[in-house]
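Hi,

Here is the structure I promised to pass on. Have a look at it first, and my notes follow below.

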Amino acid sequence: MLSIPYFQLHRRSSVPLAEQIAEQLLRAIRTRRLTAGQSLPSVRELAASLSVSMETAQKAYRILKDDGWIESRPRHGTVVSHALPNSLVMLSPKRVETRGSLMEQVRAYRHASGLIPVSGVSFPPADTAFMRAWKQSMADVFACTFVREEGEPFGIIELRERIQGLVAGRGMWADTEAICMVNGTQQALWLLADQFIKPGDVIGVPEMCYLPARDVFRDRGARVVPIPLGREGIDVTRLEDVCRREKLSMLYAMPNAHFPTGLSWSQTVKQKVLALASAYGFSILEDEYFGELYFTPLPPPTLYSLAQEEYAKVDVFYISSFSTMIHPNLRLGYMIAPEKYVSRIRQAKYLLDGTTSVMAQQALLLAWERADFTGYVERLRTTLRQARDGAIASMHRWMPDGYQFEVPMMGTCTWVYAPPEFDSLRFFERCLARGVYVRPGDAFAVEDPMPGFQVKFGAVEPRMLEEGLRRIGEVLALQ
Ligand SMILES: Cc1ncc(COP(=O)(O)O)c(C=O)c1O
């Protein structure tokens, strides 16, 4: 039975007593003073011991029941919920009240065990043939790495040649001189911002995006302007409004498989953005994080390739990553820069870290040959397409009316668009209490969040994702 000495009720506070009681019980659950399955006092006992009305005690239990923290069990009365995630202890016992603290929670739970991860970046499932080749390559690298000459800042030329072939398959022509290996695309973001953004520059970013990119721009003193997203891509009318009002220096764009929504821009939007870049003289930083992971018969065109065809004067910096194709811990990505900037970037890269991890590059080069990289990526696309189809089928089963989503043509995630009154804070907490980790719009919003949440596929077992979405459906029915 619960002992209640730690309850402190402030009878003159503007916070209703029922909420105070619920809040303190919640703290006890989060800090493990109350554990899963533990019995709670009856409503009558709780009311008597706290000197509050039965109605107040009942209301407090109702709040916690709706949020999934406690439940009624036949013969046991009210108990702490059995389905609590086993990582609650990571949370500070403070209830979230602001967007900032919601974000802290979302971050704190990112790597929690015992939760079904419905959101986040999905990294590739292990492929036995590729793993075997990778293991052998690592052994070979270890044997030969100490005899190799020091690296060229842009990376091993043979690997850059492979990448040249890879991007040619996407209709992109790049000289090997213009391809630079980086320690993850995050490094490319930083390098480009460092070299091309000055304090006070205006940078356009999609209203929802990979937030470290926004933070890199702000860190350079830039003013970041969020550009709204429509269902066809970035809102070109709003982008043009911004261009008319101010001098836009650069647009950070994810035209294919935008993170976090999975949305790919239509051809019309891509053309219109390039036309605006040409007319108003801004450069484009194209982040194709999911570069090779497309499900269409033909690869979707990149802004880089379209610019080469029609808008040769527009500067497009293209970045992509092996994080989504092999593993993020490899820390390998590449950037393709307009030729006129190559020597400047080479010098900056040399000053920054000499070159990108030579061991990682060599291992990739050897595994590329050994494992038939093209065949491997082809298998990966098939696996992800099946995972996507499974996720969409589960979403059709569990998302209630009023919640919309689209079938992504590329990448590892999609987005559920919620009605405008969607309460993301409550939603996040209610899902957590049901053992589901899901990121609402707040986790990706440059300023104001889009109502809704991200669903990823590929890394989570289809049956597990189905269960996660079923629980989310339950929560949405309460919203
Ligand atoms: C859209 C996007 N761009 C870039 C990155 C940086 O990735 P990495 O440095 O692993 O290549 C991420 C990581 O999650 C991302 O989601």
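**The ligand shell**

By class, the residues around the ligand divide into six nonpolar, six polar and one charged. That shell holds 13 residues, and the closest are Gly184, Gln186, Tyr210, Ser321 and Ser323. Before you read on, keep in mind that this is a predicted model.

The loop between strand 11 and strand 12 holds Arg331, a residue other than glycine with a positive phi, near 55°. Is Arg331 buried, exposed or partly exposed? Arg331 counts as partly exposed because it has 18 C-beta neighbours inside 10 Å, and 20 or more would be needed for buried, 12 or fewer for exposed.

**Helices 9 and 10**

The axes of helix 9 and helix 10 (residues 267-280) come within 10 Å and cross at roughly 5°. That angle makes the two helices roughly parallel, because anything under 35 degrees counts that way. On the helix 9 side, the contact is made by Val236, Leu239, Glu240 and Cys243, and on the helix 10 side by Val269, Lys272, Val273, Leu276 and Tyr280. Sorted by class, this contact has seven nonpolar, no polar and two charged residues.

One more thing in this stretch: the peptide bond from Phe259 to Pro260 is cis, with omega near 20°. You will find Pro260 in the loop between strand 9 and helix 10.

**The hairpin of strands 1 and 2**

Strand 1 (residues 70-73) and strand 2 (residues 77-80) are an antiparallel pair joined over four bridges, and Ser72 stands opposite Thr78 in strand 2. The hairpin has three residues between the strands, and Arg75 takes a positive phi near 70° there. Why does Arg75 count as exposed? Arg75 has 4 other C-beta atoms within 10 Å, and a residue is exposed if that number is 12 or fewer.

Strand 13 runs antiparallel to strand 15 (residues 452-456), and five bridges join the two.

Phe428 sits in helix 15 (residues 424-433). Phe428 is buried because 25 other C-beta atoms lie within 10 Å, where 20 or more is the cut-off. The C-alpha atoms of Phe428 and Asp67 are separated by 10.0 Å, although the two residues are 361 residues apart along the chain.

Cheers

Methods:
Residues are numbered from 1 along each chain as its sequence is written. This is a predicted model: local features need pLDDT of at least 70, side-chain atom pairs count only at pLDDT 80 or more; totals for chains, interfaces and linings use all residues. A residue is near a molecule or strand if its C-beta atom, placed from the backbone, lies within 6 Å of it. Ala, Val, Leu, Ile, Met, Phe, Trp, Tyr, Cys and Pro count as nonpolar, Asp, Glu, Lys and Arg as charged, and the others, Gly among them, as polar. Axes are lines fitted to C-alpha atoms, for helices over the stretch in contact, and angles run from 0 to 180 degrees between N-to-C directions. Angles under 35 degrees count as roughly parallel, over 145 as roughly antiparallel, 65 to 115 as roughly perpendicular and the rest as oblique. Two residues are in contact if their C-beta atoms, placed from the backbone, lie within 7 Å. Two strands pair if DSSP finds at least two bridges between them.
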